[in-house]
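Hello,

Here is the structure for your set. My notes on what was found follow below.

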Amino acid sequence: MTLQEARLAIIGLGYVGLPLAVEFGKKNKVLGFDINKARIKELESGTDNTLETSAEELKEAIHLSFTTDIDKLKDCNVFIITVPTPIDKNKNPDLTPLIKASEMLGKIISKNSIIIYESTVYPGATEEVCIPVIEKESGLKFNQDFYAGYSPERINPGDKEHRVTTILKVTSGSTPEIAEFVDDLYKSIITAGTHKASSIKVAEASIVIENVQ
């Protein structure tokens, strides 16, 4: 797949997903999806109550549209999942939102789709937890019928100086070709540049190390 062929959807429009959707939406057609109807209504009115994105920035994202309709995602072929991974009582990431998002996408993705995860997880979680869910729901085979990437979110909520475009982005993909595609995709908006990790697991580990520091 080339960047020109990518039909992008951002799944989850919180403090990570919305700034990302806005930056991509300044240049390319993007569909922003969230299950929260009030959130979608607010964004469609041109305001972001989290204050992570200004009304002016929302206006600049001329190619960005919003929806709560899962069926509309069927037109997309590249999905970036930015749902939260809250910490449970044992201080482990709760993967429930990620699993639910994976189940949802498994029901609607088509062949050759690419699913990129941004949520903070432990090394191995993308390929050991999320991918089997998509395979089960879709009936498609990983790295044959669909592909995956991982690029850890590095947003600091409320920080107006270090924005999504000005923080170096770690990228990865499930095959060398997909890693190249994912890297090029983020390079198109990240002015600080990207670092292509050798595997999804290495990219997952990078955010764990960063969070510990």
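A disulfide is taken here as a pair of cysteine sulfur atoms within 2.5 Å. This is a predicted model: local features need pLDDT of at least 70, side-chain atom pairs count only at pLDDT 80 or more, and totals for chains, interfaces and linings use all residues. Residues are numbered from 1 along each chain as its sequence is written, and side-chain values use heavy atoms, with hydrogens and water left out.

Cysteines: a search of the whole structure gives 0 disulfides. The sulfur of Cys-130 has its closest cysteine sulfur in Cys-76, at 19 Å, which is too far for a bond. Cys-130 is buried, at 1% relative accessibility, and Cys-76 is buried at 6% (buried means under 20% relative accessible area, with a 1.4 Å probe and protein chains only).

Cores: a nonpolar core is a set of buried Ala, Val, Leu, Ile, Met, Phe, Trp, Tyr and Cys residues joined through side-chain atoms within 4.5 Å. The largest has 32 residues, of which Leu-73, Phe-79 and Leu-105 touch the most other members. Helix α4 gives the most to this core, with 5 residues (helices are DSSP runs of H or I, at least four residues, and strands are runs of E, at least two, numbered from the N terminus). A second, separate core of 29 residues includes Ile-10 and Leu-185.

Thr-165: this residue sits in the loop between β6 (146-150) and β7 (169-171) and is buried, with a relative accessible area of 13%. Leaving out residues up to four places away in sequence, Thr-165 touches Glu-23, Ile-189, Ile-190, Thr-191 and Ala-192 (contact means heavy atoms within 4.5 Å).

Regards

Technical notes
Buried means under 20% relative accessible area, exposed over 50%, partly exposed in between (1.4 Å probe, protein chains only).
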